[in-house]
Number of protein chains: 2
Amino acid sequence: MGTPRGPDDVSHEPESVESGTRRGRRPGDRYIRIVRSSELPTPRSTTEFVVADLTRPTSGLGRLYHRLRLFVIGQPLQTSQAIHERLTKVKALAVLSSDALSSTAYATEEILLILVLAGTLAYHDILPIGIGIAALLAIVVFSYRQTIHAYPQGGGSYIVTKDNLGTLPSLVAAAALMTDYTLTVAVSISAGVAAITSAAPATQAYRVEIAAAAILVVTLVNLRGIRESGSIFAVPTYLFIGGMVILLALGYTSWLGIGLHPHPVQTAVPSVVQPLTLFLILRAFASGCTALTGVEAISDGVPAFQEPQADNAAKTLLWMGTILGIIFLGVTVLTYHFHLVPNANETIVSQLARSVVGKTPFYYYIQAATAGILLLAANTSFSDFPRLGFFLARDKFLPHQFMYRGDRLAYSTGIVVLGLISGTLVVIFKASVSALIPLYAVGVFVAFTLSQASMTYRWWKKEPRGHRRTTGMTINGLGAVTTGIVALVIIATKFLTGAWIVLIIVPVAVWQLRKIHSHYEKVSHQLYVPPEHLEKQLPPGTGPTAVIVPIDTINRASLVAIEYARQISADVLVVHVADEREDAEDLQRRWERSGLQLPLTIIESPYRELVGPLVRYIEQVQELKPDRLLTVVLPEFVPAHLYQIPLHNQTAWRLRTALWTHSGIAVTSVPYRLLD
Amino acid sequence: MGTPRGPDDVSHEPESVESGTRRGRRPGDRYIRIVRSSELPTPRSTTEFVVADLTRPTSGLGRLYHRLRLFVIGQPLQTSQAIHERLTKVKALAVLSSDALSSTAYATEEILLILVLAGTLAYHDILPIGIGIAALLAIVVFSYRQTIHAYPQGGGSYIVTKDNLGTLPSLVAAAALMTDYTLTVAVSISAGVAAITSAAPATQAYRVEIAAAAILVVTLVNLRGIRESGSIFAVPTYLFIGGMVILLALGYTSWLGIGLHPHPVQTAVPSVVQPLTLFLILRAFASGCTALTGVEAISDGVPAFQEPQADNAAKTLLWMGTILGIIFLGVTVLTYHFHLVPNANETIVSQLARSVVGKTPFYYYIQAATAGILLLAANTSFSDFPRLGFFLARDKFLPHQFMYRGDRLAYSTGIVVLGLISGTLVVIFKASVSALIPLYAVGVFVAFTLSQASMTYRWWKKEPRGHRRTTGMTINGLGAVTTGIVALVIIATKFLTGAWIVLIIVPVAVWQLRKIHSHYEKVSHQLYVPPEHLEKQLPPGTGPTAVIVPIDTINRASLVAIEYARQISADVLVVHVADEREDAEDLQRRWERSGLQLPLTIIESPYRELVGPLVRYIEQVQELKPDRLLTVVLPEFVPAHLYQIPLHNQTAWRLRTALWTHSGIAVTSVPYRLLD
C-alpha cells in the first residue's frame, strides 16, 4: 500500500464496516473505515471497532527493520493462535528437562572437586553423597507431582507461595528463582563450552566468545516462540539421553567383564590441602545438589502441555526424575569405579567416555551431545524466566513490558533481559563453571522450600482430615523439611565462596519488586476516575491554552509554527534568545517589517545560554497564568535523510528534555519537512 | 527565585522595562518583564528586549548538574568578557609552541629508528638530515612571518587558502589540518607517556590508561578557557626549555673536556636489515620532519595575542623557531657524538640525559619536564582544532554546534570532539609513538604547501611590482616549493606504513564537509521568506487542526489529554488499540457510560502490535484531511522521580519516534504529573 489512497478508496470497501469477531484474517487486508467526526450528526458517545491495518511500513527504514525482524523472529502469530502453541509429552520433556538432565554433565565433577581437597581417603564418600542426592531427587519429584495436580494452571513457586503464604514469601521465592534462572543460563552455557574445549583443546582460548554467541543464539531462537524451540531442542536432548545410556551400559558391562576392556584415564591425585571434615562432606553434597536445579521447570510449565495438562505434566516429571536419577547415579558410580579425578582441562564426563571407549567417534558423539544439551539447557530458563516475569508484571511487581507478547507470542522482554544479564555473567565469570557454582542452587532450594511449605499448609487448610490429607501433608512436609535443610547446608557451606552474593541480591530484588508495586498502586489510585458523568468531572487547569513559540529566526519553519500556534490559541507569545545584541536588533527590524501582528520578546543571554533562559521565561509565564495549561510550540526540522539529524534540532531536543519535568506544560513539535 | 511571584511583583520593578545595553549585570538580578499579550490593546508587531534571568535551576537534578559544571568548567564568562582573554608573548610562546618544541623529544629518535635499519654505516647520515630539517624549519618560519603580517586576524591555512585559491583547496587544507591536529594529540600524549615509562619502567603496563587520563585532563582544562590554560602551561614549557638548554650545555662542555665525564649508554646496534638506499635516507628525513609540526600554530592563533597582535606573533614565531632549532640540532649532534641507539624501552632523550649526568636528580628532572611538555603539547591542538572548527562552521561546512562558545568562551564542541577522537586513536594504536608516526606530518605539510602557495599567489596579485613583491614572492615561493617537495617525500616514503590512511581520510572529510555545506545551503534556500508582508504569505496546510488522541484506558491522564484536544480543536478523534477483544468491549462499555460526547475508535490488533496500527490509522486520517496539519495528542506521565521513567511512557516514546518522519503531523505531549 505504498501509494496514497483517497477517502473513497477506503469507505467503499464493504468489509471495512463490519464488526464482531475477525479471527483468522489474513495480513495485508485493508479494513480500516474512518468516520469523519465532522460528519457525525451531533457529538455523542459512540464506539466503532476496526481491525488493524496490517500493511507493511512504507518508509525505507521501516521496511528494512520489518524485513530484518521477519527474518530473525519469523512471521507474526495472531493472539488467537496462542492456544495451538502446546507441547506433547515427548517435546515437553526435551524443552523443560534439558536443564535438569544436563546437570548430570557437571554435578559429579563438582562433588569430586570438593572431595579431592582431602585426598584419596575421601574418595569413597562420593557414593553416599550420590545416593543422598538421588534420594533428595525422589522426594522433590514426588512433592512436585502433588503441586502439578493442585495447580494445573501452572504451579511455579511464586504462584504457589503467594496463594498460600502471602505476598512477601512469594516475592522471596520469585527473586530467588529469577536469580537461579539467570545462573542456570550462565552455568549451562559455560559447562557446554567446557565439553567442547575438553574434546578440542584448541578452542580453549575462545571460551567466552563461544559462550556469548551461544547465549545470543538461544535468545533469538526463543524470540521465535516456544513451539519451534521444542522442535529444535527435542533432538539434542534425546541424543544426549541415548548416548549416556549407551555409554553407561558399555561401562557397566565392561565392569562385569563382558565386552570392552576399558583403559581408565590416569590423573595424579592432588595433594591433601584440607582434612576430611563433616563440613567438607556437606560442602561436596551442596555442590552436587546442582543436579536438582531445573526439576521445578515442569510444574512451572504445566500450561504449555497438551490436555490433560496436569496428568501429562505429572507423567513427564516422573519420567524426567527417573532418567535424571539413572544417569546421575550411573555416572557417579562409574566415576568411582574408574577412580577418575577432576582436572581443569578435561571434564569428568569426557574422562569417563575416554576411559570406556577411548578417543573413538563415539567419544566425540558423547562430547557433542553433552555440549548440545548443555548449550540448550539454558533454554529451560528462557521458558521459565519470562513466564515468571509475566506473572510478576501482571501482579504489578515488574514493569508492564514483561506482559507484552512479541510477534511470535513469546514474552520478548523477559527473554531479552535474561539474555543480557546471563551474557554479562558469562563475561564477568569468564565462562568458568567452578567460579559460578558457589552462587548456584541457593535460589532453587529456597524456592523449593517455600513452594513445598506452601503445599503443606494448603493440605492442612483446604483438605478435610483423612488419609488423603495425611499422605499429602507427609509428602510435601518431607519435601519442605529436606529442601529447607539442604538450603541451609548450601548457604552455610558456600557462603564465603559466593553464596553471600545471592543473599544480597535476593533481598534487594524483593525490595525493588515491592517498590515497583507500590509505585503502580499509587499511580492507579491517582489516575482513578469514577465511571460515569465524566463531562462534569473534567480535570481543572485545562482551560484555553496560552502558547509560547521560541524561534531562532524568521523563516518558513518558524512561520509554520507561529501559524499553528495562532490556530490553537488567541494568546500567542513569540520569544527569541539572543547571544549578540546586533543579531537581536537585526531580528527586531525584520519582525517589525514583517507585518506579523504578534508581540516578540527577545531575551538577551550574556552567557550564551539558550535553554536555561527559555525555561525560566516559560516558568514565569506559567506563574502569570496558573490556571492554564501552557503549550510550547517548537518548530522542528524533519530531514530528508536520517544522517542529517545531527545537523538540526539540537535546541528543540534540549528544550523538550528540560521542560519534561515541568508539569502543566504541553510541548508540541510542529514539523517542517526538508526536501534534501 | 524559588518562590512564585505574582504579576505585580514583576511589573513594578523599574529596571525590568529598560532597554539598551546591559553589559556587566550581575547574575541573579531579576529583570524579565512579561507582557500579557491579552493586555495589549490590539495585536501588533512589537518587540521587547529583556535580559536573561540568571537564576539557577530549581530542580534537584538541575542544581546538581549546575554545581558539577561550575566545579569542572568554572564560573561562566559573559560574551563581553571575551576581549580580555588575550595572551602575552611569554604566555603565547608556552601555549602555542608546546607542540612544536616538544617534537624535539622524539624527532631525533624517529630519524635514527629508520637509519639503524641499515646498521652503523648509515649512522653518520643523521647529521646532514638534521641540518636539512633545521634549514627547512628556517624557511617555514620566515614564510609564516609573512603570513602573520598579511593575516593579522588569524592566518590559518584554511583561511589563507580560501582567500586566495578558493574553496576546494581550502577544504583540503582544513581536512589535512584537522587530521594532523588529532594525530598531534595522540602522538604527543603517547610520547609523553614514553618519557614516563623510560624513567619508571614499572608504569609500562599502564601506558594506555595513563595516556587516556592525560587526554581527559587536557580536555577539561581547555573547557575552562584559554587564559587559564596559558597560566597552567607556561610553567612546564619553560621548565623544559631551561632543562634542555642546561643538559645540552653540560653535554657540549664535557665534549670539550670541561666539567663532567659522561658515560654514554651502550646499546647493541641491531643487525642490518636493509641496504642504505636513498629511499631509506629520505624515509629517515620524512620521519624527522615531525619536528616541524605545530610551527603553524602561532600564525593560526594571532587573534589570541595582545596588541599589536601581528608584531607580537611574528616575534614569538621567530623566538620559537630559534629555540626549536637549537634544541633539535643540539640533541641530534650530541646523540651522534655519544652514538646512542634507539631502543624500545628507553627514549633517546632519556639515554642522552643518562649519558651526560647519570641517574641523578637532574636526569629525573629532564624526564619529568619532557613528559610535562609532551603531555601538554596536545594543548596546542586543543586551541587550533576548535578554532578551525569554528571557521568551518561559520562557513557552514560543519554543524552549527562548532560555533557555540561554552560557559568559559571556549568552543566546547570542537574540544570535546578532539578529545574523543584522539582518545580513540590512543586506544587503537596502544599509545605507541612509532605506530602513529607514519600517519603523522602528512597533513601538516599538505597544509603548509597550500598555505604558502596561497601567499605566493597573493603577493603576485595584490602587491604592485617592485622589490617588496619580489622578496615576498621569493620567500613564500621557496616555502611552498620546499614544503611541497617534503610533502611528496613523506607520502612516498611512508605510504605503505600508514600515510595511505590519511590519503583516504582527507578526501572523505572534504567530501563530507562539502556535503554538509550543500545541505545547509539547500535548507536555507527552502526556509527563505521575503522580509515583508508575511501575513499574506503564510504557508498553506496550517488550517484548523484535527486532533487524534490515542488512549490506553479511561483515566485522569487520558481525560486531561482529551480535554486539551477539545480546547485546541473542534475535530477530535479518540482512538484505542486493543490486543484482546474482551478488553476492547470493556472499554466500549466504560466509554458509553462516561457521557463523553466524542466518538471512540477501537482498533483490534490481532498481532498485538500497538504502534504500527496507530501510525497507519493516523496516516489514513491524514489522507482524508490533506489540507490540515494533524495533531496527535499523547498523554504522557511525568514521574515524581527519574528512576521511575522506565515504568511509563514507552508507548508515547515509540509512537513519537515512529511519527517523526511523517510531515504534517504535529505531536503534542500533554503531561500528567504523578505525585509519587
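A: Leaving out residues up to four places away in sequence, B:Thr179 touches B:Val502, B:Ile505 and B:Val506. The model is a predicted one, and in it B:Thr179 belongs to helix 7 of chain B, which covers residues 167-199. The relative accessibility of B:Thr179 is 12%, and because a residue under 20% is called buried, B:Thr179 counts as buried.

A:Thr631 is located in strand 5 of chain A, residues 628-638. Its relative accessibility is 0%, so A:Thr631 is buried. The side chain of A:Thr631 makes a polar contact of 2.8 Å with the side chain of A:Thr545. Another polar contact, of 2.6 Å, links the side chain of A:Thr631 to the side chain of B:Tyr564. When neighbours within four places in sequence are left aside, the residues in contact with A:Thr631 include A:Ala546, A:Val547, A:Ile548 and A:Ile568. A:Ala666 and A:Thr668 are also among the contacts of A:Thr631.

A loop residue of chain B comes next. B:Tyr411 sits in the loop between helix 14 (361-394) and helix 15 (412-428) of chain B. With a relative accessibility of 18%, B:Tyr411 is counted as buried, because the limit for that word is under 20%. B:Tyr411 touches B:Pro386, B:Phe390, B:Phe402, B:Met403, B:Tyr404 and B:Arg405, residues up to four places away in sequence not being counted. B:Gly389 is 22 residues from B:Tyr411 in sequence, and their C-alpha atoms are 8.4 Å apart in space.

The backbone also deserves attention. Most residues other than glycine have a negative phi, and most peptide bonds are trans. Against that background, the bond between A:Glu307 and A:Pro308 is a cis peptide bond, with omega about -10°. A:Pro308 is placed in the loop between helix 11 (297-300) and helix 12 (309-338) of chain A. In chain B, the peptide bond from B:Glu307 to B:Pro308 is cis, with omega near -10°. B:Pro308 is in the loop between helix 11 (297-300) and helix 12 of chain B.

A:Lys430, which is not a glycine, has a positive phi near 50°. The position of A:Lys430 is in the loop between helix 15 (412-428) and helix 16 (433-436) of chain A. Its relative accessible area is 59%, so A:Lys430 is exposed. B:Ala431 is not a glycine either, and its phi is positive, at about 55°. The loop between helix 15 and helix 16 (433-436) of chain B holds B:Ala431. B:Ala431 has a relative accessible area of 0%, and therefore it is buried.

The interior can now be considered. In soluble globular proteins, nonpolar side chains tend to be buried together. The largest nonpolar core has 135 residues, and those touching the most other members are A:Tyr158, A:Leu292, A:Val295, A:Leu392 and A:Phe445. Apart from this core lies another, of 134 residues, including B:Ile133, B:Val185, B:Leu247 and B:Ile327. For A:Val295, with neighbours within four places left aside, the contacts include A:Ala100, A:Leu137, A:Val140 and A:Val141. A:Leu317, A:Met320, A:Leu324 and A:Phe448 are also in contact with A:Val295.

A disulfide is a covalent bond between the sulfur atoms of two cysteines. Over all chains, the structure holds zero disulfides. A:Cys289 is buried because its relative accessibility is 0%, and B:Cys289 is likewise buried because its relative accessibility is 0%.

Finally, chain A may be viewed as a whole. Chain A contains 22 helices and six strands. Of its 676 residues, 57% are buried. Among contacts in chain A between residues at least 6 apart in sequence, 78% join residues at least 24 apart. The accessible surface of chain A is about 27200 Å², and carbon and sulfur atoms account for 65% of that surface.

How values were computed. Residues numbered from 1 in each chain as written. Chains lettered and ligands numbered in written order. Predicted model: local features only at pLDDT ≥ 70, side-chain atom pairs only at ≥ 80, totals over all residues. Heavy atoms only, no water. Disulfide = S-S within 2.5 Å. Buried < 20%, exposed > 50% of the residue type's maximum accessible area, 1.4 Å probe, protein only. Helix = DSSP H or I, 4+ residues; strand = E, 2+ residues; numbered from the N terminus. Contact = heavy atoms within 4.5 Å. Areas by Shrake-Rupley, 256 points an atom, 1.4 Å probe, with all protein chains shown as cover. Core = buried A, V, L, I, M, F, W, Y, C linked by side-chain atoms within 4.5 Å. Polar contact = N/O pair within 3.5 Å; in protein donor to acceptor, adjacent residues only side chain to side chain.
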